[in-house]
Amino acid sequence: VSIGREETKAETVTLKECITIVFENNLQLAAARNSLGTAEADRIKSSLLFPSNLKLNSIIGSRNAPSPTGRNTDYLFSLSQEFQVYGQRRKRIKVSDKMIEMVTFEIADIERNVIAKAKTNFYEALTAIENLKLREYVKSIFKKLWDATRERYNAGDISALEYNSIKIGYGQASQQLLVAKSNYQNSILNLKLLLSKSHDESLHIEGDLSYKKLQISVEEILIDAFKIRPDLKTIEFEKERASQEISLRKAEIIPNPSVSGFFSREGGEEDIVGGQVSFSIPVWDRKQPELKMARTAKDTAIINIKKKQLEIQTEVETAYRTFIAAKGGIVIYTDEIMPQVDESLKLNEISYKEGAINFIEFLTVQKNLLETKAAYLQALLDYNKAIVNLETVSGKPLITYD
(Lines give C-alpha, C1' and ligand atoms only; values in the text may rest on other atoms or scores of the structure.)
Protein backbone atom coordinates (compact mmCIF):
# COMPACT_ATOMS: atom_id res chain seq x y z
CA VAL A 1 0.00 0.00 0.00
CA SER A 2 1.30 3.47 -0.86
CA ILE A 3 0.94 5.09 2.56
CA GLY A 4 3.74 7.61 2.32
CA ARG A 5 7.40 7.87 3.19
CA GLU A 6 6.68 8.51 6.89
CA GLU A 7 4.66 5.32 7.36
CA THR A 8 7.28 3.16 5.62
CA LYS A 9 9.62 3.99 8.51
CA ALA A 10 6.93 3.33 11.09
CA GLU A 11 7.07 0.94 14.01
CA THR A 12 5.33 -2.28 12.99
CA VAL A 13 3.07 -3.95 15.53
CA THR A 14 0.88 -7.05 15.46
CA LEU A 15 -2.46 -7.47 17.20
CA LYS A 16 -0.81 -9.35 20.06
CA GLU A 17 1.72 -6.56 20.49
CA CYS A 18 -1.06 -3.96 20.41
CA ILE A 19 -2.85 -5.77 23.23
CA THR A 20 0.37 -5.81 25.25
CA ILE A 21 0.98 -2.10 24.65
CA VAL A 22 -2.58 -1.22 25.61
CA PHE A 23 -2.37 -3.35 28.75
CA GLU A 24 0.85 -1.68 29.84
CA ASN A 25 0.60 1.92 28.60
CA ASN A 26 -3.04 2.93 28.19
CA LEU A 27 -3.68 6.07 30.24
CA GLN A 28 -7.23 5.07 31.19
CA LEU A 29 -5.94 1.80 32.60
CA ALA A 30 -3.08 3.56 34.38
CA ALA A 31 -5.52 5.92 36.09
CA ALA A 32 -7.78 3.03 37.08
CA ARG A 33 -4.90 1.04 38.55
CA ASN A 34 -3.90 3.98 40.72
CA SER A 35 -7.23 3.67 42.51
CA LEU A 36 -5.98 0.39 43.93
CA GLY A 37 -3.49 2.37 46.00
CA THR A 38 -6.32 3.98 47.96
CA ALA A 39 -7.78 0.58 48.85
CA GLU A 40 -4.36 -0.74 49.81
CA ALA A 41 -3.76 2.29 52.03
CA ASP A 42 -7.04 1.57 53.83
CA ARG A 43 -5.85 -2.02 54.30
CA ILE A 44 -2.65 -0.77 55.95
CA LYS A 45 -4.63 1.42 58.30
CA SER A 46 -7.02 -1.42 59.17
CA SER A 47 -4.15 -3.74 60.06
CA LEU A 48 -2.66 -1.40 62.66
CA LEU A 49 -2.69 -3.02 66.08
CA PHE A 50 -4.06 0.09 67.77
CA PRO A 51 -6.72 2.38 66.28
CA SER A 52 -5.00 5.56 67.51
CA ASN A 53 -1.68 6.82 68.80
CA LEU A 54 -0.68 7.05 72.43
CA LYS A 55 -1.91 10.20 74.16
CA LEU A 56 0.44 12.03 76.50
CA ASN A 57 -1.10 14.46 78.98
CA SER A 58 0.86 16.66 81.36
CA ILE A 59 -0.14 19.18 83.99
CA ILE A 60 2.28 21.44 85.87
CA GLY A 61 1.07 23.90 88.44
CA SER A 62 2.11 25.66 91.63
CA ARG A 63 0.42 26.19 94.98
CA ASN A 64 1.01 28.13 98.17
CA ALA A 65 2.40 25.94 100.93
CA PRO A 66 4.01 26.30 104.40
CA SER A 67 7.59 25.90 103.24
CA PRO A 68 10.72 28.00 103.25
CA THR A 69 9.90 29.18 99.75
CA GLY A 70 6.20 29.46 100.40
CA ARG A 71 5.30 27.66 97.10
CA ASN A 72 5.32 24.06 95.77
CA THR A 73 5.08 22.79 92.20
CA ASP A 74 2.68 19.92 91.34
CA TYR A 75 3.25 17.54 88.40
CA LEU A 76 0.94 15.15 86.57
CA PHE A 77 1.95 12.97 83.59
CA SER A 78 -0.27 10.34 82.00
CA LEU A 79 -0.19 8.02 78.97
CA SER A 80 -3.38 6.59 77.51
CA GLN A 81 -4.03 4.10 74.70
CA GLU A 82 -7.25 3.01 73.03
CA PHE A 83 -7.66 -0.75 72.48
CA GLN A 84 -9.88 -2.47 69.92
CA VAL A 85 -12.23 -5.08 71.31
CA TYR A 86 -14.70 -7.66 70.01
CA GLY A 87 -12.51 -8.49 67.01
CA GLN A 88 -12.81 -5.03 65.47
CA ARG A 89 -9.31 -5.12 63.97
CA ARG A 90 -9.95 -8.48 62.30
CA LYS A 91 -13.29 -7.28 60.97
CA ARG A 92 -11.77 -4.05 59.60
CA ILE A 93 -9.14 -6.08 57.79
CA LYS A 94 -11.84 -8.24 56.20
CA VAL A 95 -13.72 -5.15 55.01
CA SER A 96 -10.50 -3.74 53.53
CA ASP A 97 -9.65 -7.04 51.83
CA LYS A 98 -13.06 -7.14 50.16
CA MET A 99 -12.60 -3.56 49.01
CA ILE A 100 -9.23 -4.45 47.45
CA GLU A 101 -10.79 -7.42 45.65
CA MET A 102 -13.66 -5.24 44.46
CA VAL A 103 -11.33 -2.54 43.10
CA THR A 104 -9.19 -5.24 41.44
CA PHE A 105 -12.20 -6.48 39.51
CA GLU A 106 -13.22 -2.92 38.64
CA ILE A 107 -9.79 -2.52 37.05
CA ALA A 108 -10.16 -5.89 35.29
CA ASP A 109 -13.47 -4.71 33.84
CA ILE A 110 -11.84 -1.59 32.41
CA GLU A 111 -9.06 -3.79 31.01
CA ARG A 112 -11.69 -6.03 29.41
CA ASN A 113 -13.34 -3.13 27.60
CA VAL A 114 -10.16 -1.29 26.63
CA ILE A 115 -8.58 -4.43 25.17
CA ALA A 116 -11.80 -5.18 23.27
CA LYS A 117 -11.65 -1.69 21.83
CA ALA A 118 -8.00 -2.22 20.86
CA LYS A 119 -8.89 -5.41 19.00
CA THR A 120 -11.79 -3.70 17.24
CA ASN A 121 -9.66 -0.70 16.23
CA PHE A 122 -6.92 -3.00 15.00
CA TYR A 123 -9.34 -4.93 12.77
CA GLU A 124 -10.82 -1.67 11.50
CA ALA A 125 -7.32 -0.47 10.60
CA LEU A 126 -6.57 -3.77 8.86
CA THR A 127 -9.79 -3.43 6.87
CA ALA A 128 -8.86 0.13 5.95
CA ILE A 129 -5.52 -1.14 4.65
CA GLU A 130 -7.21 -3.81 2.54
CA ASN A 131 -9.70 -1.26 1.21
CA LEU A 132 -6.80 1.01 0.36
CA LYS A 133 -5.13 -1.82 -1.56
CA LEU A 134 -8.38 -2.49 -3.38
CA ARG A 135 -8.85 1.16 -4.35
CA GLU A 136 -5.24 1.38 -5.54
CA TYR A 137 -5.87 -1.71 -7.65
CA VAL A 138 -9.06 -0.20 -9.10
CA LYS A 139 -7.27 3.03 -9.94
CA SER A 140 -4.43 1.12 -11.61
CA ILE A 141 -6.96 -0.74 -13.77
CA PHE A 142 -8.71 2.45 -14.82
CA LYS A 143 -5.33 4.10 -15.45
CA LYS A 144 -4.39 1.34 -17.86
CA LEU A 145 -7.83 1.43 -19.44
CA TRP A 146 -7.64 5.19 -19.75
CA ASP A 147 -4.30 4.91 -21.56
CA ALA A 148 -5.62 2.19 -23.85
CA THR A 149 -8.90 4.00 -24.49
CA ARG A 150 -7.19 7.18 -25.62
CA GLU A 151 -5.34 5.24 -28.30
CA ARG A 152 -8.50 3.51 -29.47
CA TYR A 153 -10.43 6.78 -29.43
CA ASN A 154 -7.75 8.54 -31.48
CA ALA A 155 -7.88 5.62 -33.93
CA GLY A 156 -11.67 5.98 -34.16
CA ASP A 157 -12.36 2.53 -32.73
CA ILE A 158 -14.62 3.70 -29.85
CA SER A 159 -17.22 6.40 -29.42
CA ALA A 160 -16.88 9.65 -27.48
CA LEU A 161 -19.44 8.31 -24.98
CA GLU A 162 -17.25 5.33 -24.16
CA TYR A 163 -14.17 7.55 -24.02
CA ASN A 164 -15.83 9.96 -21.59
CA SER A 165 -17.18 7.11 -19.48
CA ILE A 166 -13.68 5.70 -18.97
CA LYS A 167 -12.44 9.18 -18.08
CA ILE A 168 -15.24 9.55 -15.51
CA GLY A 169 -14.50 6.08 -14.13
CA TYR A 170 -10.83 6.98 -13.73
CA GLY A 171 -11.78 10.17 -11.88
CA GLN A 172 -14.14 8.26 -9.57
CA ALA A 173 -11.45 5.66 -8.87
CA SER A 174 -9.03 8.45 -7.95
CA GLN A 175 -11.60 10.03 -5.62
CA GLN A 176 -12.39 6.70 -3.95
CA LEU A 177 -8.67 6.16 -3.40
CA LEU A 178 -8.44 9.51 -1.61
CA VAL A 179 -11.35 8.50 0.64
CA ALA A 180 -9.68 5.14 1.37
CA LYS A 181 -6.43 6.90 2.32
CA SER A 182 -8.32 9.23 4.65
CA ASN A 183 -10.13 6.29 6.29
CA TYR A 184 -6.82 4.49 6.77
CA GLN A 185 -5.18 7.53 8.36
CA ASN A 186 -8.16 8.06 10.70
CA SER A 187 -8.13 4.40 11.77
CA ILE A 188 -4.40 4.61 12.54
CA LEU A 189 -4.93 7.80 14.54
CA ASN A 190 -7.66 6.09 16.58
CA LEU A 191 -5.35 3.18 17.29
CA LYS A 192 -2.51 5.52 18.29
CA LEU A 193 -4.80 7.25 20.76
CA LEU A 194 -5.73 3.94 22.36
CA LEU A 195 -2.05 2.92 22.50
CA SER A 196 -1.21 6.27 24.14
CA LYS A 197 1.05 7.26 21.24
CA SER A 198 1.25 10.85 20.03
CA HIS A 199 -0.39 11.67 16.70
CA ASP A 200 2.98 12.42 15.06
CA GLU A 201 4.47 9.03 15.98
CA SER A 202 4.71 6.61 13.09
CA LEU A 203 2.79 3.35 13.35
CA HIS A 204 2.25 0.50 10.96
CA ILE A 205 0.19 -2.59 11.72
CA GLU A 206 0.74 -6.11 10.51
CA GLY A 207 -1.90 -8.80 10.61
CA ASP A 208 -4.18 -11.14 8.77
CA LEU A 209 -7.79 -10.15 8.28
CA SER A 210 -9.09 -13.66 7.79
CA TYR A 211 -11.86 -16.08 8.64
CA LYS A 212 -10.98 -17.87 11.88
CA LYS A 213 -13.35 -20.74 12.55
CA LEU A 214 -15.02 -20.72 15.95
CA GLN A 215 -17.44 -23.31 17.30
CA ILE A 216 -19.14 -22.35 20.55
CA SER A 217 -22.63 -22.45 22.00
CA VAL A 218 -24.52 -19.67 23.72
CA GLU A 219 -24.77 -21.86 26.84
CA GLU A 220 -20.97 -22.09 27.08
CA ILE A 221 -20.64 -18.33 26.81
CA LEU A 222 -23.27 -17.74 29.48
CA ILE A 223 -21.54 -20.13 31.90
CA ASP A 224 -18.23 -18.32 31.40
CA ALA A 225 -19.84 -14.89 31.69
CA PHE A 226 -21.60 -15.67 34.97
CA LYS A 227 -18.42 -17.21 36.33
CA ILE A 228 -15.72 -14.71 35.36
CA ARG A 229 -17.20 -11.41 34.15
CA PRO A 230 -15.33 -8.82 36.27
CA ASP A 231 -18.24 -6.35 36.37
CA LEU A 232 -20.42 -9.05 37.95
CA LYS A 233 -17.60 -10.03 40.32
CA THR A 234 -17.30 -6.39 41.40
CA ILE A 235 -20.91 -6.31 42.55
CA GLU A 236 -20.60 -9.70 44.25
CA PHE A 237 -17.61 -8.45 46.24
CA GLU A 238 -19.51 -5.27 47.10
CA LYS A 239 -22.18 -7.49 48.66
CA GLU A 240 -19.52 -9.39 50.63
CA ARG A 241 -17.85 -6.13 51.68
CA ALA A 242 -21.18 -4.76 52.92
CA SER A 243 -21.77 -7.98 54.88
CA GLN A 244 -18.39 -7.64 56.54
CA GLU A 245 -19.09 -3.99 57.29
CA ILE A 246 -22.38 -4.91 59.01
CA SER A 247 -20.43 -7.27 61.25
CA LEU A 248 -17.88 -4.52 61.96
CA ARG A 249 -20.53 -1.92 62.81
CA LYS A 250 -22.22 -4.32 65.24
CA ALA A 251 -18.89 -4.84 66.98
CA GLU A 252 -18.40 -1.06 67.18
CA ILE A 253 -21.63 -0.66 69.19
CA ILE A 254 -19.54 -1.50 72.28
CA PRO A 255 -16.99 1.36 72.34
CA ASN A 256 -13.29 0.70 72.60
CA PRO A 257 -11.83 1.25 76.09
CA SER A 258 -8.86 3.48 76.75
CA VAL A 259 -6.28 2.34 79.32
CA SER A 260 -4.03 4.94 80.88
CA GLY A 261 -1.30 5.16 83.49
CA PHE A 262 -0.23 8.29 85.33
CA PHE A 263 2.39 9.69 87.68
CA SER A 264 1.84 12.75 89.82
CA ARG A 265 3.64 14.61 92.59
CA GLU A 266 1.72 16.85 94.93
CA GLY A 267 2.94 19.19 97.60
CA GLY A 268 6.51 18.61 96.55
CA GLU A 269 6.60 15.36 98.54
CA GLU A 270 3.75 12.99 97.65
CA ASP A 271 4.23 10.78 94.58
CA ILE A 272 1.19 9.03 93.16
CA VAL A 273 1.34 6.27 90.51
CA GLY A 274 -1.84 4.74 89.15
CA GLY A 275 -3.95 3.84 86.18
CA GLN A 276 -7.47 3.98 84.87
CA VAL A 277 -9.77 2.49 82.28
CA SER A 278 -12.33 4.63 80.52
CA PHE A 279 -14.95 4.04 77.84
CA SER A 280 -18.05 5.75 76.62
CA ILE A 281 -21.47 4.31 77.41
CA PRO A 282 -23.44 3.46 74.20
CA VAL A 283 -26.71 5.03 75.24
CA TRP A 284 -27.41 7.38 72.34
CA ASP A 285 -24.97 6.38 69.60
CA ARG A 286 -25.35 2.70 68.83
CA LYS A 287 -24.06 2.97 65.24
CA GLN A 288 -27.61 3.13 63.88
CA PRO A 289 -26.72 5.29 60.83
CA GLU A 290 -23.64 3.22 59.95
CA LEU A 291 -25.59 -0.03 60.26
CA LYS A 292 -28.39 1.37 58.12
CA MET A 293 -25.94 2.42 55.42
CA ALA A 294 -24.18 -0.96 55.41
CA ARG A 295 -27.44 -2.90 55.23
CA THR A 296 -28.68 -0.64 52.43
CA ALA A 297 -25.43 -1.20 50.55
CA LYS A 298 -25.85 -4.96 50.87
CA ASP A 299 -29.50 -4.88 49.74
CA THR A 300 -28.54 -2.66 46.80
CA ALA A 301 -25.77 -5.06 45.83
CA ILE A 302 -28.19 -8.01 45.87
CA ILE A 303 -30.52 -6.11 43.55
CA ASN A 304 -27.62 -5.06 41.30
CA ILE A 305 -26.37 -8.66 41.05
CA LYS A 306 -29.74 -9.80 39.69
CA LYS A 307 -29.87 -6.79 37.38
CA LYS A 308 -26.35 -7.43 36.08
CA GLN A 309 -27.09 -11.12 35.49
CA LEU A 310 -30.08 -10.16 33.33
CA GLU A 311 -27.96 -7.61 31.47
CA ILE A 312 -25.25 -10.20 30.86
CA GLN A 313 -27.75 -12.72 29.56
CA THR A 314 -29.15 -10.15 27.13
CA GLU A 315 -25.66 -9.09 26.03
CA VAL A 316 -24.60 -12.69 25.45
CA GLU A 317 -27.71 -13.63 23.47
CA THR A 318 -27.45 -10.48 21.33
CA ALA A 319 -23.73 -10.97 20.70
CA TYR A 320 -24.27 -14.62 19.84
CA ARG A 321 -27.02 -13.87 17.32
CA THR A 322 -24.76 -11.27 15.70
CA PHE A 323 -21.91 -13.80 15.60
CA ILE A 324 -24.04 -16.51 13.99
CA ALA A 325 -25.30 -14.08 11.33
CA ALA A 326 -21.76 -12.83 10.60
CA LYS A 327 -20.43 -16.38 10.49
CA GLY A 328 -23.12 -17.49 8.03
CA GLY A 329 -22.30 -14.59 5.73
CA ILE A 330 -18.53 -15.07 5.79
CA VAL A 331 -18.80 -18.80 5.12
CA ILE A 332 -20.72 -18.14 1.89
CA TYR A 333 -18.13 -15.59 0.75
CA THR A 334 -15.17 -17.77 1.68
CA ASP A 335 -16.42 -21.05 0.22
CA GLU A 336 -18.54 -20.00 -2.74
CA ILE A 337 -17.85 -16.46 -3.92
CA MET A 338 -14.32 -15.19 -3.37
CA PRO A 339 -12.36 -18.02 -5.07
CA GLN A 340 -13.76 -16.84 -8.44
CA VAL A 341 -13.61 -13.07 -7.92
CA ASP A 342 -9.90 -12.36 -8.41
CA GLU A 343 -9.71 -14.52 -11.53
CA SER A 344 -12.85 -12.93 -12.96
CA LEU A 345 -11.41 -9.44 -12.45
CA LYS A 346 -8.35 -10.31 -14.54
CA LEU A 347 -10.37 -12.05 -17.25
CA ASN A 348 -12.78 -9.12 -17.48
CA GLU A 349 -9.90 -6.65 -17.98
CA ILE A 350 -8.28 -8.82 -20.65
CA SER A 351 -11.58 -9.31 -22.47
CA TYR A 352 -12.17 -5.57 -22.69
CA LYS A 353 -8.63 -4.79 -23.85
CA GLU A 354 -8.93 -7.42 -26.59
CA GLY A 355 -12.32 -6.10 -27.66
CA ALA A 356 -14.22 -9.26 -26.77
CA ILE A 357 -16.71 -7.20 -24.72
CA ASN A 358 -17.85 -3.61 -24.99
CA PHE A 359 -17.37 -0.98 -22.33
CA ILE A 360 -20.84 -1.31 -20.83
CA GLU A 361 -20.34 -5.04 -20.37
CA PHE A 362 -16.89 -4.49 -18.90
CA LEU A 363 -18.03 -1.79 -16.51
CA THR A 364 -21.01 -3.82 -15.30
CA VAL A 365 -18.91 -6.88 -14.53
CA GLN A 366 -16.10 -4.83 -13.04
CA LYS A 367 -18.40 -2.93 -10.75
CA ASN A 368 -20.11 -6.11 -9.52
CA LEU A 369 -16.82 -7.86 -8.85
CA LEU A 370 -15.27 -4.92 -7.01
CA GLU A 371 -18.40 -4.37 -4.94
CA THR A 372 -18.28 -8.07 -4.06
CA LYS A 373 -14.67 -7.76 -2.94
CA ALA A 374 -15.47 -4.66 -0.85
CA ALA A 375 -18.48 -6.46 0.66
CA TYR A 376 -16.24 -9.41 1.52
CA LEU A 377 -13.85 -7.12 3.41
CA GLN A 378 -16.78 -5.69 5.36
CA ALA A 379 -18.06 -9.22 6.07
CA LEU A 380 -14.60 -10.18 7.38
CA LEU A 381 -14.57 -7.11 9.60
CA ASP A 382 -18.08 -7.83 10.89
CA TYR A 383 -17.15 -11.43 11.66
CA ASN A 384 -13.95 -10.57 13.53
CA LYS A 385 -15.70 -7.79 15.45
CA ALA A 386 -18.46 -10.27 16.35
CA ILE A 387 -15.81 -12.59 17.84
CA VAL A 388 -14.33 -9.68 19.81
CA ASN A 389 -17.82 -8.88 21.09
CA LEU A 390 -18.30 -12.51 22.14
CA GLU A 391 -15.01 -12.38 24.01
CA THR A 392 -16.08 -9.16 25.70
CA VAL A 393 -19.43 -10.51 26.90
CA SER A 394 -17.96 -13.87 27.95
CA GLY A 395 -15.01 -12.30 29.76
CA LYS A 396 -12.28 -14.45 28.21
CA PRO A 397 -10.41 -14.91 24.89
CA LEU A 398 -12.04 -17.35 22.44
CA ILE A 399 -9.36 -17.48 19.76
CA THR A 400 -5.57 -17.31 19.72
CA TYR A 401 -3.99 -14.04 18.59
CA ASP A 402 -0.59 -14.61 17.03
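Leu49, Phe50, Phe83, Val259, Val277, Phe279, Ile281, Val283 and Trp284 form a nonpolar surface patch of about 990 Å². Such a patch takes residues with over 30% relative accessible area and no salt bridge, with nonpolar side chains joined within 5 Å. The model is predicted: local features need pLDDT of at least 70, side-chain atom pairs count only at pLDDT 80 or more, and totals for chains, interfaces and linings use all residues. Residues are numbered from 1 along each chain as its sequence is written, and side-chain values use heavy atoms, leaving out hydrogens and water.

- Val259 sits in strand β5, residues 258-266.
- Its relative accessible area is 37%, so Val259 is partly exposed (buried is under 20%, exposed over 50%, partly exposed in between, with a 1.4 Å probe and protein chains only).

**Positive phi in loops**
- Tyr86 is not a glycine, yet its phi is positive, about 55°.
- Tyr86 belongs to the loop between β3 (71-82) and α4 (88-154).
- Tyr86 counts as exposed because its relative accessibility is 55%.
- Ser196, also not a glycine, has a positive phi of about 60°.
- The loop between α5 (160-194) and β4 (203-205) holds Ser196.
- Ser196 counts as partly exposed because its relative accessibility is 30%.

**Helices α2 and α3**
- The axes of α2 (residues 15-25) and α3 (residues 27-46) come within 6 Å and cross at roughly 40°.
- The two helices, α2 and α3, are therefore oblique to each other (angles under 35 degrees are roughly parallel, over 145 roughly antiparallel, 65 to 115 roughly perpendicular, the rest oblique).
- Val22, Phe23, Glu24 and Asn25 of α2 make the contact with Leu27, Leu29 and Arg33 of α3 (contact means heavy atoms within 4.5 Å).

How values were computed. Helices (H or I, at least four residues) and strands (E, at least two) are DSSP runs, numbered from the N terminus. Patches are made of residues with over 30% relative accessible area and no salt bridge: like charges are joined within 9 Å, nonpolar side chains (Val, Leu, Ile, Met, Phe, Trp, Tyr) within 5 Å. Accessible areas come from the Shrake-Rupley method with a 1.4 Å probe; for residues, only the protein chains shown count as cover. A salt bridge is a side-chain nitrogen of Lys or Arg within 4 Å of a carboxyl oxygen of Asp or Glu. Axes are lines fitted to C-alpha atoms, for helices over the stretch in contact, and angles run from 0 to 180 degrees between N-to-C directions.
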